[in-house]
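Here is a short briefing to read alongside the coordinates.

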Amino acid sequence: MAGILNKLRNLDAYPKINEDFYSRTLSGGVITLVSSVVMFLLFFSELRLYLHTVTETKLIVDTSRGETLRINFDITFPALACSILSVDAMDISGELHLDVKHDIIKRRLDSNGNTIEARQEGIGATKIENPLQKHGGRLEHNETYCGSCYGAEAEDHDCCNSCEDVREAYRKKGWGVTNPDLIDQCKREGFLQRVKDEEGEGCNIYGFLEVNKVAGNFHFAPGKSFHQAGVHVHDLLAFQKDSFNISHKINRLTYGDYFPGVVNPLDKVQWSQDTPNAMYQYFIKVVPTVYTDISGHTIQSNQFSVTEHVKTSEAGQLQSLPGVFFFYDLSPIKVTFTEEHISFLHFLTNVCAIVGGVFTVSGIIDAFIYHGQKAIKKKMEIGKFS
């Protein structure tokens, strides 16, 4: 048994030196104090890193198919009335969403930005009292109302019972309403009068669009949109105005849900129009993003970058459609963020590296100072005796 203990004693990599052979110095004490403080600070920093989560980032090819893209927006137009503002969306697959009303709310604003009225789009249409019938006469007792579409009927039995119905029928035909007062429904609903009453008002429009996950655009512009000879057109003649001020402030624009650390570059961006008419364009590159938190909950969202461009024209020369356009394209690369903890073994390894590294470096510095002092002292003694 004693032989085994002796063999283990001979394997000791840390031989002990008698204290009588130790030489303690002032410089060694200072270096020991400084190195201890450095060790503590580095250890505390490593401990904080271990206790908190870290986010690992990866880039992968986006192979998802058949998904939709949710666009959340909140935009204020301080000089464009809600009654003339419409929202359209279209993509390269050919799908069109013209004059979108569902999931969108408009708030009328006065000149000071205070809310006058807020309502869901498509709700609250004015009712017509004693309206004009399709055959030209007035509505008789027990007779079902069927208003004229003024030549825009797809079939003989089609009815247009409101100004909006007539404008929609015209849109489907690719026509524009030139004078709403010539249409009985619009005249009785006071379409032009409502536009005049809202002159000088602003509009805050917010909600979301659910579109195909392909390149496309959505835009906010005055007038009702329609397609004519394959060209996207807005009916601006109905408002009998020469210019439209599309100054705007983007309160919020996101592609998908919020996740920690996301930066939306268009939030709080605003632009003031100086010319009578302008088309403001945002070209957006959308990057699909997946965020997984420490509990394993996954958020499917997107980030985006943007560039801007503005096209202007003089009053009465609507060479380009006045409005705010958002053109977006999808990146083929997906970014994944994953929250995770540093493993305990990794933490232990780093702590050992800190202690051993600082101890070794401080020992080298101490040896350099100690032997340097001895060499200088020896030279001084030689010079003294010589």
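A residue is called buried when its relative accessible area is under 20%, exposed when that area is over 50%, and partly exposed in between. With that cut-off in hand, Ser27, Gly28, Ile31, Ser35, Met39 and Glu46 are the buried residues to look at in helix 2. Please keep in mind that this is a predicted model.

**Helix 2 and its surface**

- Helix 2 covers residues 26-51, and its 26 residues should span 38 Å at 1.5 Å a residue; the end C-alpha atoms are 38 Å apart, so the expectation and the model agree.
- A nonpolar patch on the surface is formed by Leu26, Val30, Val34, Val38 and Leu42, which together have about 440 Å² of accessible area.
- Leu42, one of the patch residues, lies in helix 2.
- Leu42 counts as partly exposed because its relative accessible area is 38%, which falls between the cut-offs of 20% and 50%.

**Disulfide Cys82 to Cys203**

- The structure holds two disulfides, and one of them joins Cys82 to Cys203 with an S to S distance of 2.1 Å.
- Cys82 sits in the loop between strand 2 (68-77) and strand 3 (85-91), while Cys203 belongs to strand 7 (residues 202-212), so this link ties together parts that are 121 residues apart in sequence.
- The torsion about the S-S bond of Cys82 and Cys203 is about 100 degrees, and the disulfide is therefore right-handed.
- Cys82 is buried at a relative accessible area of 9%, and Cys203 is buried too, at 0%.

**Disulfide Cys149 to Cys160**

- Cys149 is joined to Cys160 by a disulfide with an S to S distance of 1.9 Å.
- Both Cys149 and Cys160 lie in the loop between strand 6 (115-120) and helix 3 (163-173), so the pair ties together parts that are eleven residues apart in sequence.
- The link of Cys149 and Cys160 is right-handed, with 100 degrees about the S-S bond.
- Cys149 and Cys160 are both buried.

**Annotated spans**

- According to the unreviewed UniProt entry, the annotation "transmembrane region" covers residues 21-44 and 344-370.
- In the model, the span 344-370 is 100% helix and 0% strand, and its end C-alpha atoms lie 38 Å apart.

Note on methods
Residues are numbered from 1 along each chain as its sequence is written. This is a predicted model: local features need pLDDT of at least 70, side-chain atom pairs count only at pLDDT 80 or more; totals for chains, interfaces and linings use all residues. Side-chain values use heavy atoms; hydrogens and water are left out. UniProt positions are given in the numbering used here, feature names are shortened, and annotations may be inferred rather than shown by experiment. Helices (H or I, at least four residues) and strands (E, at least two) are DSSP runs, numbered from the N terminus. A disulfide is a pair of cysteine sulfur atoms within 2.5 Å. Buried means under 20% relative accessible area, exposed over 50%, partly exposed in between (1.4 Å probe, protein chains only). The expected span of a helix is 1.5 Å times one less than its number of residues. Patches are made of residues with over 30% relative accessible area and no salt bridge: like charges are joined within 9 Å, nonpolar side chains (Val, Leu, Ile, Met, Phe, Trp, Tyr) within 5 Å. Accessible areas come from the Shrake-Rupley method with a 1.4 Å probe; for residues, only the protein chains shown count as cover. A salt bridge is a side-chain nitrogen of Lys or Arg within 4 Å of a carboxyl oxygen of Asp or Glu.
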